[in-house]
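This report walks through one protein model, strand by strand and then as a whole. Keep the structure open while reading.

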Amino acid sequence: MKTKSFTVNPFEMNCYIYWDEASKEGVIIDPGAFEDFEKDEILGYIKQNGISIKLILNTHGHIDHILGNDWAKKEFNVPLLMHKDDMLLIDKSMDQAAMFGVNFPKPPEPDRFIDESDEIKFANTTLKILHTPGHSPGSVCFVDENEKVIFGGDVLFRGSIGRTDLWMGDMDLLLDSIRTKLFTFDNDFIVFPGHMDETTIGEEKENNPFLNGEYDKYA
Ligand SMILES: [Zn+2]
């Protein structure tokens, strides 16, 4: 499996193409492309590698992650999946856009809601779904256990965690999601986050100040 990251839109959000070199099937995770050159770059990569996009996946409903949903739906014409608990963010997307001063088309409704009882299958790959609320109510992480890869959205970052000052954010819930769900995976699992560089579960267990006990001294 190959992972390709594109950092897009004014929020510098990581959009990922996760695909299988043998079958050429793949998914696009958080298609936040905003400018035409960003869309062209993503499409160029997909065409150059002959990738067939099978699904559009959203880790959560914040605008930087859903800015490109309308574009992706029209371009790929495949189902858009997200957790139902972030529907309030889709419904509030125009408020979100106004708050951050960006303008974009009203996002399409998801085609299907996903939760932990679901699995996402394409090529010969299965993605497990973790419901990891705290940054937003419907935040999810996508895990490929064979490849030891986690697409984490804005839950866990290199040396940090997702912000909890937005709609229905909850710091205790976020820390709990990380400890009880993400930290059950082995140290060598790679986390591809919604912003900034990738990291590993082991790296964050050891060095993340919110999770290694440092933060608790001051909280
Ligand atoms: Zn977010």
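Which residues point one way from β2, and which the other way?

The model is predicted. In β2, Met-13, Cys-15, Ile-17 and Trp-19 point one way. Asn-14, Tyr-16 and Tyr-18 point the other way. Residues on both sides are buried.

Seven bridges tie it to β1 (residues 2-8). Thr-7 has Asn-14 of β2 as its bridge partner. Four residues separate β1 and β2 in their hairpin, and Asn-9 in that turn has a positive phi of about 60°. With β3, the antiparallel pairing runs over four bridges. Here Trp-19 is partnered by Gly-26 of β3. This hairpin has five residues between its strands, and its turn holds Lys-24, with a positive phi of about 70°.

## The nonpolar core

The largest nonpolar core counts 51 residues. Cys-15, Ile-28, Ile-29, Cys-141, Phe-142 and Ile-150 have the most contacts inside it. Strand β2 (residues 13-19) supplies the largest share, six residues.

Setting aside neighbours within four places in sequence, Ile-28 is in contact with Cys-15, Ile-17, Ile-53, Ile-56 and Ala-72. Two of these names return from β2: Cys-15 and Ile-17 point one way from that strand. Ala-72 is among the buried residues of helix α3.

## Helix α3

α3 spans residues 69-76, and its buried residues are Asn-69, Trp-71 and Ala-72. Down the helix axis, these fall within an arc of 160°, so they line one face of α3.

What covers them? The cover for the buried residues of α3 includes β3 (25-29), α1 (36-48), β4 (52-57), α2 (63-66) and β5 (80-82). Asn-77 follows the helix, with a positive phi near 50°.

On one pairing, β10 runs antiparallel to β9 (residues 140-144), with three bridges between them. Val-143 has Ile-150 as its bridge partner. Four residues lie between the strands of this hairpin, where Lys-148 takes a positive phi near 60°. On another pairing, β10 runs parallel to β13 (residues 190-193), joined by four bridges. Phe-151 stands opposite Phe-192 of β13.

These strands belong to an open sheet of six, in the order β7-β8-β9-β10-β13-β14. Pairing in the sheet is mixed.

## The whole protein

Seven helices and 14 strands make up the secondary structure. Of the 219 residues, 41% are buried. Among contacts between residues at least 6 apart in sequence, 62% join residues at least 24 apart.

What is the radius of gyration of the protein? The value is 16 Å. A compact globule of 219 residues would have one near 17 Å, so the protein agrees with that expectation. Along the principal axes, the C-alpha atoms fill a box of roughly 50 × 40 × 30 Å.

Conventions: Residues numbered from 1 in each chain as written. Predicted model: local features only at pLDDT ≥ 70, side-chain atom pairs only at ≥ 80, totals over all residues. Pairing = 2+ DSSP bridges. Helix = DSSP H or I, 4+ residues; strand = E, 2+ residues; numbered from the N terminus. Core = buried A, V, L, I, M, F, W, Y, C linked by C-beta atoms within 7 Å. Buried ≥ 20, exposed ≤ 12 C-beta atoms within 10 Å, placed from the backbone. Contact = placed C-beta atoms within 7 Å. Rg over C-alpha atoms; globule rule 2.2 N^0.38 Å. Arc of directions from axis to C-beta.
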